[in-house]
Structure formats: C-alpha cells, structure tokens
Amino acid sequence: IRLWHVKDGAILHTLNGHTSAIKSVIFSPDEETLVSMSYDDVKIWRVEDGLLLRTLEVLGSNSQVTISPNGDLLALGRYDTVQIWRIVDGVLQDTLKDHSHVVDSVAFSPDGEMLASGCEDNTVRLWRVKDACRGHAPPEAVLRILEAPKPRRTVACKRSGRLWFDG
C-alpha cells in the first residue's frame with residue numbers, strides 16, 4: 001500500500017505486511033488511521049508515520065470494510081456474517097448472522113447507531129450496533145450500500161437500478 005500526497009504526488013509511506021491481495025482500504029473519519037483488508041487479515045495503520053498498529057486475523061472471504069463515524073469500530077463482511085471489531089484494541093465485539101450468502105457491502109449510518117449489510121442472497125439487513133437487533137429491506141440483488149447525512153437515510157442500490165431508502 002502506498003500513501004501519496006495529493007498536491008505534489010510524493011509518496012508519504014509504503015505500508016508493507018499483507019501477504020495476499022488487498023481488497024479494501026479506508027481512512028478513519030479523522031484521517032489518522034487507515035484500515036486495509038486482504039483475504040488473509042485486516043491491518044490497522046497510523047497514517048502519520050505508517051506504523052502498523054495491529055493485525056486482525058480474519059482469514060477467509062472478506063468482502064468490504066467500513067469504519068464507524070466516530071472511528072471506534074470497523075465492520076466487515078466475512079462469508080455470510082458481518083463482524084464488528086473495536087479499532088482501539090482489535091477485539092471482536094460482535095458477529096452478526098442472518099444472511100444466507102456472501103455479504104458484499106457494509107455501511108454505518110451517519111450517527112453510527114445502525115449498520116447496513118447487503119448480500120448476494122438479495123437482502124439488505126439493518127442492525128442496531130449496540131445490541132445487534134436487526135431488520136431488513138425488500139428482496140432484490142444489492143450492489144452497494146450508501147449513507148447520506150441529510151436527511152439521515154441509508155440507501156441500497158439494487159442490480160435493477162432501483163434504490164431502497166430507509167429513514
């Protein structure tokens with residue numbers, strides 16, 4: 001992974017450590033942390049100096065990673081589950097189980113209280129983060145989950161081009 005300075009194109013840091021293809025990278029909301037996900041693991045880096053802070057062992061079919069708006073949690077799709085991890089200490093906080101196929105998309109609501117997961121089983125699940133209570137969206141293949149701060153809503157983009165809104 002290379003971090004580049006946008007203004008002049010200079011390489012700030014080269015982050016080494018993954019042994020398999022990197023599937024996803026995301027900055028924390030405060031831009032102080034970078035999370036990278038490969039097929040083998042998830043790595044949490046300090047942006048300022050490129051220091052590897054911790055590695056989360058999540059072997060297997062990892063699909064996408066997202067970070068909560070306050071920067072405390074990360075969520076990732078892993079096979080037919082969603083895992084929620086604490087960034088500060090790398091502890092697995094919860095595993096959300098209710099999809100029947102691979103989870104393709106995950107997104108926190110702007111307030112961080114809800115998490116949406118989209119799946120190859122043609123469903124969107126909405127989860128309350130504090131207690132893993134869930135709901136769901138109408139069936140149809142889900143391509144991407146988006147979040148909009150104003151008005152507060154979660155949007156699921158379906159393969160047919162239809163959008164599903166919550167909120």
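Helices (H or I, at least four residues) and strands (E, at least two) are taken as DSSP runs and numbered from the N terminus. The structure is a predicted model, in which local features need pLDDT of at least 70 and side-chain atom pairs count only at pLDDT 80 or more, whereas totals for chains, interfaces and linings use all residues. Residues are numbered from 1 along each chain as its sequence is written, and side-chain values use heavy atoms, with hydrogens and water left out.

Ile67 lies in strand β7, which spans residues 62-67. With a relative accessibility of 8%, Ile67 counts as buried, a term that denotes under 20% relative accessible area, as against exposed at over 50% and partly exposed in between (1.4 Å probe, protein chains only). Beyond its neighbours within four places in sequence, Ile67 is in contact (heavy atoms within 4.5 Å) with Ile26, Phe27, Ser28, Pro29, Val35, Leu73, Leu74, Ile87 and Phe108. Of these partners, Pro29 is 38 residues away from Ile67 in sequence, with a C-alpha to C-alpha distance of 7.8 Å.

Strands β1 (residues 2-4) and β2 (residues 11-14) run antiparallel and are joined by three bridges, where pairing requires that DSSP finds at least two bridges between two strands. Leu3 has His13 in β2 as its bridge partner. The two strands, β1 and β2, form a hairpin with six residues between them, and Gly9 in the turn adopts a positive phi of about 80°.

The mean pLDDT (the predictor's confidence in each residue, from 0 to 100) of the protein chain is 80, and 77% of its residues reach 70 or more. Over residues 136-144 pLDDT stays under 50, and the model has 39 contacts beyond four places in sequence for this segment; over residues 147-153 pLDDT likewise stays under 50, with 15 such contacts.
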